[in-house]
Structure formats: structure tokens, C-alpha cells
Amino acid sequence: MSILFFFIIALNAVTFLVYGIDKLKARKNKWRIPESTLLLLAAFGGSIGAWLGMRVWHHKTMHRKFKYGVPLILFLQIALLVYLFI
């Protein structure tokens, strides 16, 4: 259980940083991180980091698949945790 907890914390931290890096690259017109990678990070457990990255970095907030997809992934992951542990 504790390993899973630390994995989720680390994954969310990495996801948050990846969203920030992609925003920085977008501003400098450099090579970007694929949108599929950003969404996969959220889907594999980094949805809190993705959502925070979108809010803090103001990144991908107008793209529908991020605007609605990341909160949906976050909701589903919370619902799964509630179902499994309560």
C-alpha cells in the first residue's frame, strides 16, 4: 500500500513538471511533448498533477480533450479509489 502511495505521489509530481516543461517549450516554439503522452500520464495515475499543471501553467486549458478529459479521468480515479477502499 505505501509503495503504491509513493508511486502515485511521484507520478503526479512528474506529470505536473511535464506539463510545465511542455508549456515552456510551447512558448519557445521548440519540440513539444505529444498530447497523447500528456493524457497517458494523467490516465496512469497522474491526473491530479495534470489538473494542477493545467491550472498553474495555464496549459492546454482550451483543448476540449484536456478541458473535459483530465477532470473526467480525475473523477474516475477518485471514484475507483473510493470503491476499492471504502
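Reader: What share of the contacts in the protein with a separation of 6 or more comes from residues 24 or more positions apart?

Author: In this predicted model, such residues account for 65% of those contacts; a contact means heavy atoms within 4.5 Å. Residues are numbered from 1 along each chain as its sequence is written, and side-chain values use heavy atoms, leaving out hydrogens and water. Because the model is predicted, local features need pLDDT of at least 70 and side-chain atom pairs count only at pLDDT 80 or more, while totals for chains, interfaces and linings use all residues.

Reader: How many helices and strands are there?

Author: There are four helices and zero strands, in the pattern α-α-α-α along the sequence. These are DSSP runs numbered from the N terminus: helices are H or I with at least four residues, strands E with at least two.

Reader: Why is Asn 12 called buried?

Author: Buried means under 20% relative accessible area, exposed over 50%, and partly exposed in between (1.4 Å probe, protein chains only). Asn 12 has 10%, so Asn 12 counts as buried. This residue lies in helix α1 (residues 2–27). Leaving aside neighbours within four places in sequence, Asn 12 touches Gly 45, Gly 46, Ser 47, Ile 48 and Gly 49. A polar atom of the Asn 12 side chain lies 3.0 Å from the backbone nitrogen of Ile 48.

Reader: Is Asn 29 buried or exposed, and how do you know?

Author: Asn 29 is exposed, because its relative accessibility is 72%. It sits in the loop between α1 and α2 (35–57).

Reader: What is phi in Asn 29, and what is phi in Lys 60?

Author: Most residues other than glycine have a negative phi. Asn 29 has a positive phi of about 55°, and Lys 60 has a positive phi near 65°. Lys 60, in the loop between α2 and α3 (64–67), is buried because its relative accessible area is 9%.

Reader: Why is Ile 78 called partly exposed?

Author: Ile 78, in helix α4 (residues 69–85), has 45% relative accessibility, so Ile 78 counts as partly exposed.

Conventions. A polar contact is a pair of N or O atoms within 3.5 Å; within protein, one must be able to donate a hydrogen and the other to accept it, and residues adjacent in sequence count only if both atoms are side-chain atoms.
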